[in-house]
Amino acid sequence: MEVKDASAALLSNYEVFQLLTDMKEQRKESGKNKHSSGQQNLNTITYETLKYISKTPCRHQSPEIVREFLTAVKSHKLTKAEKLQLLNHRPVTAVEIQLMVEESEERLTEEQIEALLHTVTSILPAGPEAEQKQNTSDDVTMDEEDPA
Amino acid sequence: MFVLVEMVDTVRIPPWQFERKLNDSIAEELNKKLANKVVYNVGLCICLFDITKLEDAYVFPGDGASHTKVHFRYVVFHPFLDEVLIGSIKGCSPEGVHVSLGFFDDILIPPESLQQPAKFDEAEQVWVWEYETEEGAHDLYMDTGEEIRFRVVDESFVDTSPTGPSSADATSSSEELPKKEAPYTLVGSISEPGLGLLSWWTSS
């Protein structure tokens, strides 16, 4: 076996999530073919990777959201690696931005960091934990309306 | 976190699978060979992305199976240097904090890369960050199962392919158990603001 190019392209977590979900659907449709034999490794790694990515904000992204995000941050002149990290992690605080963007104090002013945070939180969908918090706060408001 | 790796390999399809479509058989064989395995100096292989080129298939004398040279791209877990990742703490030991991503377990944060000052609590076997404020020192424990944000600072690949039989020391090698080394390990660091347990930095 020969490796032609060890880094042909970078993949975002959303792309890997999409690939694995599609593959799982295809294998389910084609019926049970030798579940116990050599397919066990593929099953294990697919299950674990899907479990990991499902806990991140990436599971609710779509190609249109990613495209919109990349056009919106073009003005900040970020490297590919920085944009990929913003896409995968969806930072909500300035500290997280400083971690992912190299030398952010020199390259971005405070207003630019605020603008970047606003772009990230408005375009990228929140993760499963934020959804849970929203659900509990919705329940509270419903209780207050009931007696009325 | 994930990269696409272009590879070339010769895939052997046994005769009883000739009725299946060639692409499906090849995809299955490649996944059987590479999924969940570490390739030296490349990373942890996840699954096949696509097949870019299929060359002619040959049948060799003495073997009824077909051999096809395949150019394909594979999804591989290989975080780049200084990438920030989120994992969960698997446990603590005097060597450092062990972090796991679910599908990849061999991540270690050595004691010198923890938020300083840090000490190891022998009774509970956890690492503790002694955080000083004006009110006094807070002991922040790094418990098992907690989500932790860390930066990848180093990676190491170990070639675990079996070595041939050694001619000398035949008796001593049978007494020692071979050391199980992880083929791919990552070294992380949490010594920056924003890194460490997620609960340390969320303002809610």
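Analyst: Twelve residue pairs are in polar contact between chain A and chain B, with both partners at pLDDT 80 or more. A polar contact here is a pair of N or O atoms within 3.5 Å; within protein, one must be able to donate a hydrogen and the other to accept it, and residues adjacent in sequence count only if both atoms are side-chain atoms. On chain A, the elements that give two or more residues to the side touching chain B are strand S1 (2-11), helix H1 (13-29), helix H2 (40-54), helix H4 (80-89) and helix H5 (94-100). S1(A) provides the largest share of that side, ten residues. By class, the side of chain A that touches chain B has 19 nonpolar, eleven polar and seven charged residues. Nonpolar means Ala, Val, Leu, Ile, Met, Phe, Trp, Tyr, Cys and Pro; charged means Asp, Glu, Lys and Arg; the others, Gly among them, are polar. Helices (H or I, at least four residues) and strands (E, at least two) are DSSP runs, numbered from the N terminus.

A note on the model. It is predicted: local features need pLDDT of at least 70, side-chain atom pairs count only at pLDDT 80 or more, and totals for chains, interfaces and linings use all residues. Residues are numbered from 1 along each chain as its sequence is written, chains are lettered from A and ligands numbered from 1 in the order in which they are written, and side-chain values use heavy atoms, without hydrogens or water.

Now the extent of the interface. Chain A brings 37 residues into contact with 45 residues of chain B, where contact means heavy atoms within 4.5 Å. About 3700 Å² is buried between chain A and chain B, and carbon and sulfur atoms carry 63% of it. Met1(A), Tyr52(A) and Leu99(A) supply 19% of the area that chain A buries against chain B, more than any other three residues. Buried area is the accessible area (1.4 Å probe) that two parts lose on being put together, summed over both.

Charge pairing comes next. Two salt bridges run between chain A and chain B. Glu96(A) and Arg149(B) meet in a salt bridge, 3.5 Å from N to O. The rule asks for a side-chain nitrogen of Lys or Arg within 4 Å of a carboxyl oxygen of Asp or Glu. Over all chains, the whole structure has twelve salt bridges. Arg12(B) and Asp63(B) also pair in this way, at 3.0 Å. That pair links distant parts of the chain, 51 residues apart: Arg12(B) sits in strand S1 (residues 2-13) of chain B, Asp63(B) in the loop between S3 and strand S4 (66-77) of chain B.

An automatic or database domain assignment divides chain B into domain 1 (2-77) and domain 2 (83-161 + 176-200). Ten residues of domain 1 of chain B and nine of domain 2 of chain B make the contact. The two domains bury about 760 Å² between them, 84% of it from carbon and sulfur atoms. On the domain 1 side, Val38(B), Tyr40(B) and Phe77(B) lose the most area, together 64% of what that side buries. Strand S2 (38-39) and strand S3 (43-59) of chain B each give two or more residues to the domain 1 side. S3(B) gives the most there, with three residues. That side has eight nonpolar, two polar and no charged residues.

Last, two backbone points. Gln116(B) and Pro117(B) are joined by a cis peptide bond, omega about -5°. Pro117(B) lies in the loop between strand S7 (107-109) and strand S8 (118-121) of chain B. Glu103(A), a residue other than glycine, has a positive phi near 50°. Glu103(A) lies in the loop between H5 and helix H6 (104-107) of chain A.
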